[in-house]
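Please open the structure in your viewer and keep the selection panel at hand.

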Amino acid sequence: MSAVLQAVLQFPGAHSALKPAGPQARIAEGLWNSMYATAIVVFLLVMAALLWAAFRRRRAEEPAPDPARERRMRRVVAAAVGITTIVLFTFLVSDISAGRAVTATPGKDAIQIIVTGHQWWWEVQYRDSVPQRWVTTANEIHVPVGRQVAVELRSTDVIHSFWPPNLTGKRDLIPGNENSLWFQADSAGVYRAECAEYCGHEHAKMALLVVAQSPDSFARWLTQQRDTAHTPADSLTSRGQEVFLSSACAMCHSIAGTPAGSRVGPDLTHLAGRATIAAGTLPNTRGNLAGWIVDPQRIKPGARMPPNQLDPADLRALLAYLETLR
Amino acid sequence: MSSPSRSGCRRRRELLAAVLLAAALSACQREDRRFRTWPPAASAIPAVRQSELQPGPTTRDLTVRNEYGDNAWAVSEGKRLYNQFNCSGCHFQGGGGIGPPLMDSQWIYGSQPENIFATIVEGRPNGMPSFRGKLGNDQVWKLVAYVRSMSGLLAKDVASGRNDDMQVRSQEQSTEKARPVQSAVPPASQRP
Amino acid sequence: MSLTVPAVPHEPGRAPESAAEVVGRLEDTWRARPGLRGWLSSVDHKSIGKRYIITAFVFFLLGGIEAAVMRAQLARPENGLIGPDAYNQIFTMHGTTMMFLFAVPVMDAVGLYLVPLMIGGRNVAFPRLNAYGYWVYLFGGAFLYVMFFLNTGPDTGWFSYVPLAGPEFSPGKRVDVWAQTVTFTEISALVASVELIVTIFKTRAPGMTLNRMPLYVWSMLVQSFMVLFAMPWVASASMFLAMDRLVGTHFFNPAEGGDALLWQHLFWFFGHPEVYIIFVPALGFVSSIVATFTRRPVFGYPAMVLSMVATGFLAFGLWVHHMFVTGIPQLGASFFTAASMMIAIPSGVQIFCWIATIWSGRPRFAVPFLFVLGFVALFLIGGFTGVMIASVPFDTQVHDTFFIVAHFHYVLIGGAVFPLFGAFYYWFPKVTGRMLDERLGRWNFWLFFIGMNVTFFPMHELGLLGMPRRVYTYLPETGWGGLNLLASIGAVTIAVSVVVFLVNVARSLRVGEAAGANPWGADTLEWAATSPPRPYNFAFTPVVESREPMWQHPAELPAVEGLRTDVREVLVTTLLDAEPDSRHRHPEPTIWPLIAAIATAVLFITLIFTPWGAVIGTVLLFLAFVGWAWPRGKDHQEQLMIEAES
Amino acid sequence: MTGFRIVANVTELPTTTFGHRSPMWWGTIGFIVIEGSTLFICAISYFYLRRNFLNWPPEGVFRPALTVATVQAALMVLSNIPMAMVDRAARRLDLRAVRVGMVVCTLLALVMCVLRALEFEALNVRWDSNAYGTVAWAVLTAHATLLLLETLESLVFTALLFSPNLEQRDLAGASDNALYWYFLTLVWIPLYAIVFLSPYVM
């Protein structure tokens, strides 16, 4: 049924438990398919029995409780309960074995990522034995296809939940309790993860993209992310950097290679390389960026980004500068 | 048409309506989450006088009313900003250290909202930096509201509860109101 | 100076009083007091029960309006009807209203109305406590809604997870309002459960052994025990939360050794049984309706009773399945998976028994029976998804998505609200003396049934397609718009069906066909009373000799005489075999329960604003209970006796 | 309407019953279950939060002082003797003995309330210092609330015993009150062990 509905309604599949692209999601989908099929069969059987019981043709004068018939009914009911128990037990066994497979610990060569939930955005950090090579980004995870990714989940404020349905089930980010999960993308693509635990005003607009790419391009991406931001080359962008550093921007955001180093909001060192802004809410275009900077509360009411009334020229310069942060 | 008893009844009803409305408005003010509107007072930085001398006839300044002082959400936002912008780096959690304490009754540059606003925006000698241009007026007013709550200057149902942090001071909503006193320097006991 | 048992006013060999005489004196003794004050001091389980039902239904309508607003907002992507702040308050109000102010209270309310009638009693065991429970509930609900209209409605969900609901992330008084409302409703639910347990244990008609109790009475007994063991958890949890928020305790502050997961354990240890607390009475409705409309006793009485009891026990072993994504160890999770699947077995037993009953009976397709058939279909779907989400790997996919929203609406609307509507149609003639209209009833049923499926079936799909719960909007690119629009159209259908029901009630109250004492030809004792019943329920306490007393003796019930008629007196029987054991004084109508409830409300509401509220409230409450407990000395017979002896 | 056929007469039945024959006794059991659960939940929370600490009490916090609390615990156990006497006297409808016993027990309850106030001091920690303090206060406060309510109830009931409006069936109330008292005082023993003794062993 779901396949039919999907075909009719043309859903995109970047955020769907029914289009698995990783081992755990595939196991969950397998469970769903088998349970769904069983449920349909059982539902039809029980409803048929009910409707037959209700509407069957009756002889004019049937004796009400007839002992022999009651005994027969007892046998039928007992058999039905027995079958129910067997079906449930089968579910239980298959579920437990599936659970084992899903929670198996990741291998040693898994990529380690730390995801920290904030109201209402995701901080992402790739650690390395050399602290200078740490990479901090936001609202976007890049992973190589076919390799396990171990994610450490933390929260600095309230409970969030990390959930890329195409790849794996969700896991909560609970302050004071460290959690972790792992996943693996089997095919290249962009998968969406929505926050799945109610976390306040903008719970609806707290998404993250998982970009699965070939190992080569992932390696290139990671190297590039380790760079600090380029020094502005022309007068417009250097004016933009000045605006950034002298206005409220620098109070919350950091750009590696500049004095801006605050960790309150997302790291912007490679902002222009990301696909979205405002935690998966808007495509990262110049117009959207301008709207977000000037009046963020129209887009995400309650978000922590304050409105910025910039002089039009300054805004233009700032945008030009931000666009250089590849 | 309107007999005395009926008009009396109506008056009572009006009175009731007025009381209910007042209750509603006060609750609204405490509970509002205004994401986009700014308090009127935030439209311009009030010029707070640094000197007693003034030209022409002696006039008094209009006190600026910070509506965020009646709004629990704005106060808690102020508390968040206080920690995020590292006010606690100098003032700690109100007990003072490098900067003067904020949870006592002693005020060097005045306890009125506009005084605190000026202190944050203009900065003060001996270490208080100026945040002009770094913060939106809106954020400053939230900070002002929170700073006042630290010494019990706001209503208790507006002031914040404890944070999910280490316990270093009793929560703002349990702080007894301390009558503000003008003082040139912090009292000796709290000087570092 | 020891006291002796008083001489009983009994003359051996006296001719039995005529029934008319007894009824005349009972009418005098049990008459309701006139005027507003009389109304406020009523302790009759029927008037309290009716108020309770109507109040709960008003909350159902309010919760429904909130649901409609949410469906309007979600009908299309990036809708600007309401913003996140309003939406969050509304979805919290919807959940809180439906769970705490509608579902549990309405089940208690119907039970408090019906149980004494069904067991042949005159009233509940503690009538004043009953009145107190109602007033506390009314004040709690009214308080929540007044605060909501003052923009102080809670906005952290009906589950109020910390730290979001804690002092740092929920400033102001919104969550305190939630916590106190919960406390109010817990008090009333606990009071009702003690009330029902003791009523069922001690005031059954002579001869109604446990083995002859109607299945509905069994269901209320199981439900009451569940309330007794489940509600203290949420009452304690909400108290902890209030303390964290008001006086700065650290129950849930990880930095000082508190724990956010403690809240979830406490909440769900209540929250899971809560679902069954709502569902088990519905099983009782279904059994009553099935028996009456198939004209035979429900098949497998012992199996039905045992499966209800088993449901009651198992319900306490499932709470962790609400926490599968918090990172609990796999072995523990497997235990809860097993328990969650096992609870489907008793439900299966019941459904099979009902089908057997229907098969071997002679069904009449009146509206109550239609609602039962609808119940079976919807509850099956809810039950299947329930078994699915007991599986950890699958649950991690659909947890906190619209799949869960679909699941529990199938369970709660299909499993509890459909039987409840069936019960409304079934017992309406008993309560009002008039029948509800069948034709409108059919419209009501079919619109509700279709609307329910159109609203909630697409939500399964939405959940699998990744739509999380509790979102005030969604982006157009997600592609969730079509199914959401469909769900919103279904919500309109449900709203229309509820309007049809209201019209039906309003019309039938005025021009409905007059119902006799037993319009459906049913089997249980409440149908022996007049419709509506007199304040004393039965002129004589009936004696029960089988599970279906009204089928056994349709014309003339055996009964006992000898209870005093000059004062309110009720018969107390033994727990297991219901043998007559003692005569028990029934309190007169009194205003004190209302005053005590006002004092309780003052205590809880002022506590939000000042710790002194505890002192003020306790003093008021103390005064109220002194007034309540102080004897009025109405009955000289007993009093003189004790004075003579001392 | 269905008619009635009289098959028995209940006039001879008593109007005053004790123990499980009385509905009020069952009501009291119901409230004992509710309040017992509440105390149990506080105790569970105590052990749940214990897991978050290396030391218990956490470093820098003194252990609770034992003197007052131990006296209190002993008093609670011993108070069951006069209360059991009240219970028995009520069952044999001995009004004078019930009066004397209830006066004694009410005075004992007042003493316990005073001791309880001192016990809070003896915890040596504030409720808002850390989760240890919080949960210790919670256990103590939950029980203190019940103690306070029971004291007030005993006061009212004792006054009632001297009222001219007293009826025979009110004596059954003395028995139910005794049942609640047994619960209230005996449940304190494990709670005392948890709050005051366990910091010395955990």
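**Before selecting**

This is a predicted model, in which local features need pLDDT of at least 70, side-chain atom pairs count only at pLDDT 80 or more, and totals for chains, interfaces and linings use all residues. Residues are numbered from 1 along each chain as its sequence is written, while chains are lettered from A and ligands numbered from 1 in the order in which they are written. The model scores ipTM 0.91 and pTM 0.93.

**Stop 1: chain D against chain C**

Colour chain D by pLDDT, the predictor's confidence in each residue, from 0 to 100. Its mean is 93, and 99% of the residues of chain D reach 70 or more.

Next, show chain C beside chain D. Contact here requires C-beta atoms, placed from the backbone, to lie within 7 Å. By that criterion 71 residues of chain C and 55 residues of chain D take part. On the chain D side, two or more residues each come from β1 (3–9), α1 (23–50), α4 (95–122) and α5 (131–161). Helices (H or I, at least four residues) and strands (E, at least two) are DSSP runs, numbered from the N terminus. The most is given by α1(D), with 14 residues. This side of chain D comprises 28 nonpolar, 17 polar and 10 charged residues; Ala, Val, Leu, Ile, Met, Phe, Trp, Tyr, Cys and Pro count as nonpolar, Asp, Glu, Lys and Arg as charged, and the others, Gly among them, as polar.

**Stop 2: a helix pair**

Select α6 (residues 174–202) of chain C together with α1(D): their axes come within 9 Å and cross at roughly 145°. Axes are lines fitted to C-alpha atoms, for helices over the stretch in contact, and angles run from 0 to 180 degrees between N-to-C directions. Which residues of the two helices meet? From α6(C) they are Leu190(C), Val194(C), Ile197(C), Val198(C), Phe201(C) and Lys202(C), and from α1(D) Pro23(D), Trp26(D), Gly27(D), Gly30(D), Phe31(D) and Ile34(D). Nine of the residues in this contact are nonpolar, two polar and one charged.

**Stop 3**

Two strands pair if DSSP finds at least two bridges between them. Antiparallel β1(C) and β2(C) are joined by two bridges, and Pro542(C) stands opposite Ala559(C).

**Stop 4**

Move to chain A, where five strands form an open, mixed sheet in the order β3-β2-β1-β5-β8. Because β3 (135–138) and β8 (179–184) stand at the edges with a single partner strand each, one side of each is left without a neighbour in the sheet. Neighbouring strands are turned by 25° against each other on average, direction ignored. Strand β5 (residues 148–155) and β8(A) pair in the antiparallel sense over six bridges, with Leu153(A) partnered by Asn179(A).

**Stop 3: chain B**

Finally, select chain B, whose elements run α-α-α-β-α-α-β from the N terminus. The contact with chain A takes 12 residues from chain B and 12 residues from chain A; those of chain B divide into three nonpolar, four polar and five charged.
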